[in-house]
Amino acid sequence: MRWLIFGLGAVLLGFVFTSVPAGADERSGPRAARVPEPGSVVIDHQRGEVILSAKVQFPEDKPCINEFGQRVQAFAGCATAAGGDARMAGYFVFLVDVDTETVFEGLMKLGCRPRVHYSIQEGRKRSGLKADTRPEDYLQGDPVVLSVFWQDDDGAWIERAYQYFVTEAVMVDGHQIEKPWTPHFVFHGSGAIHAAATGCIACPCDCPGGIIADNRYPIYDPKPIVRFDMSKAPPVGTQVYVRIRVISSTP
Amino acid sequence: MVRNRFARPIQVAIAAWMCVAGAFGADEPEVVGRHEDNIYQLTFSPDGRWLATASGDDTAVLWDFQTRKPHVTLTHNGPVYSAVFAPDGKRLVTGCGDGHVTVWSVPDGRQLAAIKQHEDAVYIVAFSPDGKRLASGGGNGGGGDTVCRIWNTEDWTVLHRLEGHTMPIYGVAFSPDGTLLASTSRDRTVRLWRLDDGSNRVLEGHTSDVYRSGFSPDGRWLATASQDATVRVWDVASGQCRATLPGRRDPIYGAVFSPDGLLLAAVGDDCRLRLWQVPEFTPVFEERMAREALFALTFSNDGKQILVGGEDTSIYLHRLQDDP
């Protein structure tokens, strides 16, 4: 009888593993339950997330890479956008291998919705924190959470929040002090809706060039002072996955 | 022994390098003016007195280049991507993000005409050498209105619509004899249009968006700048690529020949100005000029100075020295 139970259990276990989609790692647990093949995305309705395939690159000499600065370009972005090469592809640390529009569509399919979106041109007109700044001067949309995961040399999965790689600096009494990066990311969709062609996914300021922005401040100004620490990222060329988890405003 | 054997060649190489470095200048670039947003084009008037700049701050500015002071600011309803002087120097034409081509009187800055024929942004305008025609091109990020227009500059009507590009047009340039127009596009191609019959040749080779372009003064070469981090030099007669000049790995946004045709200059996303000697197309100078991406460059009419500008909104002047 005991052997029968064991045998049945083994069969059931085998069935569960063969049901996992191609590309999944059986040792990894839920963190990497499904990963996309290069050039495709996973849209997981149950978990409310989109997973993108990406490679790590070192955007040497670009702003905010290993030194504090301000930039509009995302740290994670697509190699292609608006039917061609992404203009900002050289700025990304995590270079995603599908176009921005595909990422946009994936988030939309999960019920994630943009609310205030602008072309770059219109965004410039609304730039800056001023006495007459209005709520419409901030890009708006459903909140999202980003993380990046990859396998180490031993095959173990490592996952880190997007914020993990970045440190922010603020001025206090004339001195620059460091603090954790605390962006507030929203899905505004502008880059795809207005065909900005930048390729940017998640920008470290309120910028209508991408599709997700940190909208703590109004468009473009002020920009948070941030530093991406390349030593926290996996080596250049590593296959990584960018997870975007949505907080959807639609059923 | 080994040291002696190689000492002479090394000395010669160092001397040659110092000569080159001296000849092409090592001065710090001078800031000659500023905008409040990206600078997309810089152009000198034919007499060299005026400098026109096109900017994302919705203005084009006419500068008195001698005093370095803005003479008149031309206000638009969108980013100004292009500003060029007519060959007689009496008019300036701008191309704007709102789709307008606007004609201004020089030097008083009076608006003479503002015409909206493009459905999307106008990224580039260029006068024919005789000043009788103007070419304009544009589009939007994903495509849009990708028809190149040829205008009659007397009554500002559109004479021809050149259709062929499938993505936005970022650059147009007339050949020095006025018989050809080169157009460059996000569709990765360069098209050489014959203006007598509207036919065109497609020059393929760039592997990404092609930005601005420039003919050599003798019309033999066409240089094109691209997102693929190269400048390509095309033999205009054969349509063959004569040279592929690599930057580092960043997009190159602009490339122009010097007025005497002996130098080719380019700028791009790595903030550097690069010079190559013509016709060998050997690199002779490279220097970081700005803190952020450079979109535009132009030689002064005497070829002794180069102005560059871009994302950090400053106009930088670099002097080319005659003597080592």
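These legends accompany close-up views of a predicted model.

**View 1**
The largest nonpolar core holds 57 residues. Phe94(A) and Ile212(A) touch the most other members. Leaving aside neighbours within four places in sequence, Ile212(A) is in contact with residues that include Leu107(A), Val144(A), Leu146(A) and Ile244(A). A second, separate core has 16 residues. Among them are Val267(B), Val284(B), Phe285(B) and Leu294(B).

**View 1. The interface between chain B and chain A.**
Here 27 residues of chain B are in contact with 19 residues of chain A. The area buried between the two chains is about 1,600 Å². Carbon and sulfur atoms give 27% of that area. Between chain B and chain A there are 5 salt bridges. The polar contacts there number 15 residue pairs, both residues at pLDDT 80 or more. The side of chain B that touches chain A has 11 charged, 10 polar and 6 nonpolar residues.

Arg248(B) lies in the loop between β21 (241-246) and β22 (252-257) of chain B, and Asp61(A) lies in the loop between β2 (49-56) and β3 (76-81) of chain A, so the pair joins two chains. Both ends are partly exposed: Arg248(B) has 39% relative accessibility, and Asp61(A) has a relative accessible area of 44%.

**View 2. A strand-to-strand salt bridge, Lys179(A) to Glu168(A).**
The closest N and O atoms of this salt bridge are 3.1 Å apart. Lys179(A) sits in strand β10 (residues 175-180) of chain A, and Glu168(A) in strand β9 (residues 166-172) of chain A. The partners are 11 residues apart, and the pair links distant parts of the chain. Lys179(A) counts as partly exposed at 23% relative accessibility, whereas Glu168(A) counts as buried at 2%.

The side chains of Arg274(B) and Asp270(B) meet at 2.9 Å, N to O. Arg274(B) is buried at 6% relative accessibility. Asp270(B) is buried too, at 5%. Elsewhere, salt bridges that share partners join Asp44(A), Arg47(A), Glu49(A), Glu159(A), Arg243(A) and Arg245(A) into one network.

Key:
Residues numbered from 1 in each chain as written. Chains lettered and ligands numbered in written order. Predicted model: local features only at pLDDT ≥ 70, side-chain atom pairs only at ≥ 80, totals over all residues. Heavy atoms only, no water. Core = buried A, V, L, I, M, F, W, Y, C linked by side-chain atoms within 4.5 Å. Buried < 20%, exposed > 50% of the residue type's maximum accessible area, 1.4 Å probe, protein only. Contact = heavy atoms within 4.5 Å. Buried area = accessible area lost by both parts, 1.4 Å probe. Salt bridge = Lys/Arg side-chain N within 4 Å of Asp/Glu carboxyl O. Polar contact = N/O pair within 3.5 Å; in protein donor to acceptor, adjacent residues only side chain to side chain. Nonpolar A, V, L, I, M, F, W, Y, C, P; charged D, E, K, R; others polar. Helix = DSSP H or I, 4+ residues; strand = E, 2+ residues; numbered from the N terminus.
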